[in-house]
Amino acid sequence: MSDDHYFSADPAVPFTRESFTVEVWGHSFELVSGSGVFSRGHLDHATAMLFRELEPPVQGQFLDLGCGYGAIGLAIARAVPLATVTGVDVNERALLLANENASALGLGPRFVAALPDQIPTDMTFDEIWSNPPIRIGKEALHELLLTWLPRLRPEGRAVMVVGKFLGADSLQRWLTEQGWPTTRLASAKGFRVLETRRG
């Protein structure tokens with residue numbers, strides 16, 4: 001049995017690609033996923049719920065945190081002509097797929113996915129969108145969020161979809177206690193959409 005995870009830097013499982021079509025905010029497009037990457041061959045339920053419950057943003061500089069093969073960031077880039085999106089992930093296979101997807105969709109100039117240490121340290125964002133990697137563990141997740149939330153510009157916000165059974169409500173309380181006021185925008189099918197603002 002493999003202990004290889006989608007949050008591994010370099011998954012050991014053989015690499016096979018699998019494409020599927022999504023419809024988000026009135027736009028239909030194809031994404032290519034693959035083995036060793038989160039949610040292979042379909043849009044995961046949490047991200048689908050995020051798209052259903054929220055309208056697309058208007059414009060700005062966006063971070064897709066834990067971007068995987070790019071579903072959230074590419075949906076924003078596709079629906080928002082005045083958006084530029086940076087995807088970040090530790091899974092190099094996911095980054096390869098995300099950048100290939102951006103290129104195939106003609107979004108390459110406005111979507112780039114990279115490893116965390118490849119993102120300029122002074123780069124800031126109007127909004128962070130994420131289906132965060134809860135399964136890396138609470139400590140690692142907290143560290144991840146406290147690393148990237150300070151990259152929000154004044155008046156910026158982070159939007160996250162988190163499973164209720166995976167600790168969405170305790171995460172909401174913890175973020176608020178850390179000085180990042182967090183409210184619930186939506187709740188459906190066992191998931192919460194949280195909005196975090198600069199304190």
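The model is predicted: local features require pLDDT of at least 70, side-chain atom pairs count only at pLDDT 80 or more, and totals for chains, interfaces and linings use all residues. Residues are numbered from 1 along each chain as its sequence is written, and side-chain values use heavy atoms, with hydrogens and water left out.

Select residues 17-24, strand E1, and residues 27-34, strand E2. Elements here are DSSP runs numbered from the N terminus: helices are H or I of at least four residues, strands are E of at least two. E1 and E2 pair in the antiparallel sense over eight bridges; strands count as paired if DSSP finds at least two bridges between them. Val-24 stands opposite His-27, and Glu-23 has Ser-28 in E2 as its bridge partner. Two residues lie between the strands of this hairpin, where Trp-25 adopts a positive phi near 50°.

**An aromatic pair**

Next, display Phe-20 and Tyr-69. The structure holds three aromatic pairs (rings of Phe, Tyr and Trp, the last by its six-membered ring, with centres within 6.5 Å; planes under 30 degrees apart are stacked, over 60 edge-to-face, the rest tilted). The ring centres of Phe-20 and Tyr-69 are 5.9 Å apart with planes at 80°, so this pair is edge-to-face. Phe-20 belongs to E1 and Tyr-69 to the loop between E3 and helix H2 (71-79), so that the pair links distant parts of the chain, 49 residues apart.

**H1 against H2**

Select helix H1 (residues 45-53) together with H2: they pack at an angle of about 25°, their axes 11 Å apart. Axes are lines fitted to C-alpha atoms, for helices over the stretch in contact, and angles run from 0 to 180 degrees between N-to-C directions. H1 is therefore roughly parallel to H2 (under 35 degrees is roughly parallel, over 145 roughly antiparallel, 65 to 115 roughly perpendicular, the rest oblique). Show the side chains: Thr-47, Leu-50 and Phe-51 of H1 meet Ala-71, Ile-72 and Ala-75 of H2, where contact means heavy atoms within 4.5 Å. This contact comprises five nonpolar residues, one polar and no charged (Ala, Val, Leu, Ile, Met, Phe, Trp, Tyr, Cys and Pro are nonpolar; Asp, Glu, Lys and Arg charged; the others, Gly among them, polar).

**The seven-stranded sheet**

Now colour the open sheet of seven strands, ordered E5-E4-E3-E6-E7-E9-E8 with mixed pairing. Its edge strands, E5 (111-114) and E8 (182-188), each pair on one side only. From one strand to the next, the twist averages 20°.

**H4 and H5**

Finally, select helix H4 (residues 138-148), which lies across E3 (60-65), E4 (83-88), E6 (125-130) and E7 (152-163), at about 165° to E3. Leu-141, His-142, Leu-145 and Leu-146 of H4 make the contact with Leu-171, Trp-174 and Leu-175 of H5. By class, this contact has six nonpolar residues, one polar and no charged.
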